[in-house]
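Subject: A structure for you to look through

Dear colleague,

Below is the structure that I promised to hand over, and after it you will find my notes on what turned up. Please keep the structure open beside the text while you read.

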Amino acid sequence: DQRFNPLAADKRWQERWATAGTFEADDASSKPRSYVLEMFPYPSGRIHMGHVRNYTMGDVLARFRRMQGYEVLHPMGWDAFGMPAENAAMEKKVHPGEWTRANIASMRSQLKTLGFAFDWSRELATCDPEYYGQEQALFIDLFEGGLVYRKESAVNWDPVDMTVLANEQVIDGKGWRSGAQVEKRKLSQWFLKITDFAEDLLAGLDELKGWPEKVRLMQENWIGKSQGLQFHFALAEAQGDIASVEVFSTRPDTIFGASFVALAADHPLTQKLAGQNEALAAFAEQCKAGGTTAAELETMEKKGFDTGLTVTHPLDPDWQLPVYVANFVLMDYGTGAVFGVPAHDQRDLDFARKYGLPVKRVVSDGEETAAEYVGNEAYTGPGKIVNSAFLDGMTVEAAQQTVIDRAQSEGWGKAQTTWRLRDWGVSRQRYWGTPIPIIHCDDCGPVPVPKDQLPVVLPEDIDFETPGNPLERHATWKHIDCPKCGKAARRETDTLDTFVDSSWYFLRFASQPDDRPFDPEVVKQWLPVTQYIGGVEHAILHLLYARFWTRALASIGKLDFAEPFESLFTQGMVTHETYKHGDGSWLSPDEVEKNGADWAVISDGSPVTTGRVEKMSKSKKNVVDPDPIIEQYGADAVRFFMLSDSPPERDLPWSEAGIEGSWRFVQRLWRLFIAVADSSDEGEDKALRRKLHQTVAGVAGDVEALSFNKAVAKIFELVNLIEKSQPSADRTTAIKSLARIVAPMVPHIAEEAWALFGETGLVADAPWPEVDESLLVEDEVTIAIQVRGKLRDTITVAKGSSKEQLEELALASEKVQRSLDGAEVKKVIVVPDRLVNIVI
Ligand code: ANZ
Ligand code: ZN
């Protein structure tokens, strides 16, 4: 057949790989190892283009590494716990487990149609008791290792999902899933001591050379190490047992620019004052409703409440500063109180202007030194200290040290390091998660479930009619006797944040014994993950938790390495144009068609406005479902399109033209393959041979660097040259090698070709073509031959030919002799490797 038919071929090879166990990783292999991992999906129901792109990239690398002789671990599984399953249970009245497993089944078969080289024998779902039971065992290990504790704390409460959210899950003051305004509540919660590892998590970032700089920076900012001075301002009049206000500042050098002191709404002093002041109590309430992220604190309107109290400046007993309660001061950072320096801090400046407070310059921008600061932009740059008594003339750094030294020697403050990172609250008042394996006993307190009683399995008979936690409401599940004293006790009804599930799945992929979470010896063979690929949306959440979890397990002797992911790649998104009705409602790409230059709704011909190219998302309806595309064009064309059109870190705009181009390219490959299937062409084609070897080497380098679009460009060049070349033994070799070069990208057609060539075995198992290094350097050059400055001929000669040789060859040229037409040669100018000019 002249056409490649993916419908038959795709399935045939997918089955062959499966029955041969081609991609099952061997724990006992003596080959070098490579662990290629893509972030496992949440089983929402359908594979989307983002998944296709992500997994295609990982797949190319995994297949390529196998061909290079590595033992490759390339697993796939399901991040299967979480809210959407419960939402489905409430909306559609299906059990979350049933909904999840049905989704997994359909997404698994979708992934299989793309021919990904996954080791399906290691597939896992975090909702399997075999998985979460081992997670419970690890939780108990961490509990016994002192890395888990329970405390009453103000939590972010999502009133729609009726659950607690981690700080990371609150975006712009709203729940990351529900989008509902988050409230503050006090609840007893389980925490993991990630802050014990703050310094180490920060220091480790320096070693992660294979991570994008931007991700490292995001983690650094999240961990947020600040060094400064913690000191107190004495209250002019003590308020009961409170005699001073403790503040933390990274800018003690600006202490003479202080203009006010501000307290958080839930600061103990605020609370005390609010007890006697209704207006203040109302103001504090109002502050708590506001957002808590850095970005929000920057942008929201600064509001304050003058308490009427004053404090004394620590370096000038005659100087009194007013005390405000301010909405931009957080209780859970530093000490929950600050001193404001309006001239050098924008928030403080906005605040000072609003309340008419003094604005005193204490750092000179190099020109101005006057004490009165009139601008509306705080100066935060470097400079000399001014208007600051004994600090005058110092640099910012020197003044900071001087103030810290003075505070310490006089005993009113001390050098302090403050972290933005908070311990990780992992309690969720939800059903569909890993039950926290703890039993509460009135006499013994919290007792871990004995390991031989794990897993603590979720009950199946639950009801979702009422909001809140079904485990709490279940008639019998939580009632159990205390494992220590035997008295009636209660199970913990909170489940673990699903980010716990994804904090160690890569370990379980490497080793999954029945009787423990993993075998550290086997894990050691595979980890760290050689290449991790996923979305940048996980730059902080998942990646920080996984780094923490690995360290935590190492600290209790379960592992002997700290960093789980050696290299990280964050791929761009798949985007699509957006379409809208006249009334502004969204239309999906398959509801519209192009009518000349304009777009129209297919059903009624009404006009369509086209919008920006944006990430494919259900909310904007600009989603293209991969399934029908795969059915129409086959897996290889889809895979090839995912790799070819954009650099992998950039967004990839989906286009019909693009996928069609890929489809045509697959057919071009096929025509080449069938043409040489049983060719006995003879003769050399040195240029083509050279191109082949350059391509083999170049594509290898590009794939290794995940520069797939560059690899594709090189393959295009080779194919173009092959198509133009005459039959020869070199051409046959080039085409047969081409099957191996493209095999990681378009594995189905490559297998088909491999069989066509009469090769035994699978191309997936074939070695990557060898490179003849000597063919990589250009050893021939083309020389221009001019007569009186005019180009008359070109000759190809060995690089570095001598002047004499070049002169002789030039004069021997027939075209040159013709143009000389018997004239006398006066002089021959030779520029080696470039040109020969004959002067007559
Ligand atoms: C005086 C000052 C003067 C400040 C100046 C800054 C600039 P980072 O670097 O993020 O740690 N701050 C301290 N605790 C706070 C809280 N609970 N809520 C809101 N703001 C707080 O920021 C440290 C700075 O943030 C501290 O230094 C303090 O303001 C403020 F020209 O003190 B600074
Ligand atoms: Zn007990």
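Is Glu-704 buried, partly exposed or exposed? Glu-704 is partly exposed, with a relative accessible area of 34%, where buried means under 20% relative accessible area, exposed means over 50%, and partly exposed lies in between, with a 1.4 Å probe and protein chains only.

Before going further, please note that this is a predicted model, in which local features need pLDDT of at least 70 and side-chain atom pairs count only at pLDDT 80 or more, while totals for chains, interfaces and linings use all residues. Residues are numbered from 1 along each chain as its sequence is written, chains are lettered from A and ligands numbered from 1 in the order in which they are written, and side-chain values use heavy atoms, with hydrogens and water left out.

The chain as a whole

The chain has 26 helices and 33 strands; these are DSSP runs numbered from the N terminus, helices being H or I with at least four residues and strands being E with at least two. Along the principal axes, the C-alpha atoms fill a box of roughly 115 × 75 × 65 Å. Of the 840 residues in the chain, 53% are buried. The accessible surface of the chain comes to about 36700 Å², and 49% of that surface belongs to carbon and sulfur atoms; such areas come from the Shrake-Rupley method with a 1.4 Å probe, and for residues only the protein chains shown count as cover. Among the contacts (heavy atoms within 4.5 Å) with a separation of 6 or more, 71% are made by residues 24 or more positions apart.

Salt bridges

A salt bridge here is a side-chain nitrogen of Lys or Arg within 4 Å of a carboxyl oxygen of Asp or Glu, and by this rule the count comes to 43. One of them joins Glu-704 to Arg-65, with the closest N and O atoms 2.3 Å apart. Because Glu-704 lies in helix α21 (residues 686-704) and Arg-65 in helix α2 (residues 49-67), the pair ties together parts that are 639 residues apart in sequence. Arg-65, at 8% relative accessibility, counts as buried.

Another salt bridge is formed by Asp-141 and Lys-558, whose closest N and O atoms are 3.4 Å apart. This pair also links distant parts of the chain, since Asp-141 is in helix α5 (residues 129-144) and Lys-558 is in the loop between α17 (541-555) and β23 (568-570), 417 residues apart. Asp-141 counts as buried at 10% relative accessibility, whereas Lys-558 is partly exposed at 31%.

In the salt bridge between Arg-490 and Asp-442, the closest N and O atoms are 3.6 Å apart. Arg-490 lies in strand β20 (residues 488-491) and Asp-442 in the loop between β17 (438-441) and β18 (445-448), so this pair ties together parts that are 48 residues apart in sequence. Asp-442 is exposed, with a relative accessible area of 63%, while Arg-490 is partly exposed at 36%. Finally, Asp-200, Arg-547, Arg-551 and Glu-563 are linked in a network of salt bridges.

The ligand

Which residues are closest to ligand 1? Ligand 1 is surrounded by 18 residues, and the closest are Ser-226, Ser-249, Leu-330, Tyr-333 and Arg-420; a residue is near a molecule if one of its heavy atoms lies within 4 Å of it. A polar side-chain atom of Ser-226 lies 2.4 Å from an oxygen atom of ligand 1, and an N or O atom in the side chain of Tyr-333 is likewise 2.4 Å from an oxygen atom of ligand 1. For Arg-347, a polar side-chain atom lies 3.4 Å from a nitrogen atom of ligand 1. On its own, ligand 1 has 650 Å² of accessible area, and the protein covers 86% of this.

Backbone details

Pro-528 is found in the loop between α16 (520-526) and β22 (531-534). Arg-788, a residue other than glycine, has a positive phi near 50°, and it lies in the loop between β30 (780-787) and β31 (790-798).

Conventions. Polar contact = N/O pair within 3.5 Å; in protein donor to acceptor, adjacent residues only side chain to side chain.
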